[in-house]
Amino acid sequence: MTASRTAAVAARVLRQLARDRRFVVLMLVAPLGIVFFTKTLFDAADTPLLDVTPFAVPFGCFIIHFATFILTALVLVRERTAETMERMFINGYHRSEIITGYLLAYTTLATALSLLVLAELQWLFALGYGVGRLASIFLVMWLLAMISMALGILVSNAARSEAQVIPFIPAIVLPSLIFSGIIVAVDRMPVWAQVLSRISPMYYANEVLQELIAGSGLGGDVASVVMLPVGGIVVLLLATQTLREKG
Amino acid sequence: MDLAVRLQGITKRYGRVTALDGVDLTIPAGSVYGVVGPNGAGKTTLMRLLVGALAPDEGDIEVLGADLRRERRRVRSHIGYMPQAPVLYEDLTAAENVAFFARGHLLDDVGDAVRRSLEFTDLVDRADDLVRTLSGGMRQRVSLAATLVHQPRVLLLDEPTAGVDPELRHSFWERFRDLTTHGATLLISTHQMDEVVHCDRVAILRAGTVLTEETPQRILTEGRATVTVWTGETPHRHEVADYPGEVPRLLRRWQLDPAVTRIEIEGQTLEDAVLALIEDEEAGAHDG
């Protein structure tokens, strides 16, 4: 893997993003809108005794997971169907350079999205968190976005068209919400569901977030904190190995 | 004779469909080699195998003396591949596209390589235009510029003139010939038979097999001709199979006849000759 080829892929993707302002705006505004609708939902429920924070913050995280996963999967499938992926390989680019280049470019988008969603959560739900806690939540969001992008790349390797990505949305994104513990505590689920939850990045993100919301800090659940980057690396390695170079 | 490409017993199947069936080809270095055949003959599969985008089910491929299976990356650095459709990033400019593909080859001076490639393809004035704003012919030129940017020794051009107007097509062939004077080997697939005349040698592909492999001149001489001898207002038509051999013999029979007022010889075009070869082969296959 060479840094210059990786940088060339990242620069090219960023240049394309910069030219597609409508896409970038939609990509940033749509998740913010969903968080706003969630707040509206809680306000309408009018249950003053219920603390919605343990739900709202992880749900904001889930929106980032959802958006970055779909975006990466679709963009890479488009690269394959347009045959530019094949042309990259023929012109010397390696699998790891293409994936790392994409990750670097989309990290900027994921970072901006994480910051905006976090700022909106802090404002809408009047969290009142200090800089340290906000930074920790941001780190969880950011790591989750990285795993989601790696998952998107992995899924794109299995899909031959944009339409084939669609079945993966309910197959991957919805179970990661169901088994994350955001809606129902995982330890109240059957054993098989608890086992399944352990392969969902949202589960570890929620575990860490619940500790942060409770005020324990990142040290409250070190295992889950570690699982986020470890999971990301594992998925990324899988994605790199399964990126098809030949038709 | 130095060989640029050697294919031996190449078979490629897609499920039950055999796209190429035991193809043997040798392509001399520094030549323009044409692969012609109708749609579905296996031309694109052949190109994609040569660039390592597909793996053969059987057979061996050597490019510039190296085994493609074992040394794919090294071989690719010497290959330029122009796909049938102009595979480009529409939201990048012509120069940005060429530069991106150039960077894959880790060139020392990407800027200079891009400039040379754009000059060669006559695109300097449109270098900063987004590809999406360019016409089909212009996009083909950008695609060619991206193919040439690393000065490859072997160029694989898959139907490079498809959908290109006659003037641009002529200019493309001039450029292709220019490249061989600099030592490059060109393998060009086309289904436009009239383009075969530009090639040094031609392989006619049909249903995954090579029907014949010849020079265009030789294919033409194997073609038929219609000789019409007019005596007054009466035409006498003769079909001859061996155009250069039979026509003089036939005319000798008529030359002393004072009634002959006019002689017309209509030779087959290259396209007719190629199609006749394909038809003969099909008839032979049915008879066999």
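Let me begin where the chains meet: the contact takes 21 residues from chain A and 20 residues from chain B, two residues being in contact if their C-beta atoms, placed from the backbone, lie within 7 Å. On the side of chain A that touches chain B, α1(A) gives the most, with 7 residues, and the residues of that side divide into 5 nonpolar, 7 polar and 9 charged; here Ala, Val, Leu, Ile, Met, Phe, Trp, Tyr, Cys and Pro count as nonpolar, Asp, Glu, Lys and Arg as charged, and the others, Gly among them, as polar.

A word on the source: this is a predicted model, in which local features need pLDDT of at least 70 and side-chain atom pairs count only at pLDDT 80 or more, while totals for chains, interfaces and linings use all residues. Residues are numbered from 1 along each chain as its sequence is written, and chains are lettered from A, with ligands numbered from 1, in the order in which they are written.

Finally, Val98(B): leaving aside neighbours within four places in sequence, Val98(B) is in contact with Val114(B), Ser117(B), Leu118(B), Val142(B), Ala145(B), Ala146(B) and Val149(B).

Technical notes. Helix = DSSP H or I, 4+ residues; strand = E, 2+ residues; numbered from the N terminus.
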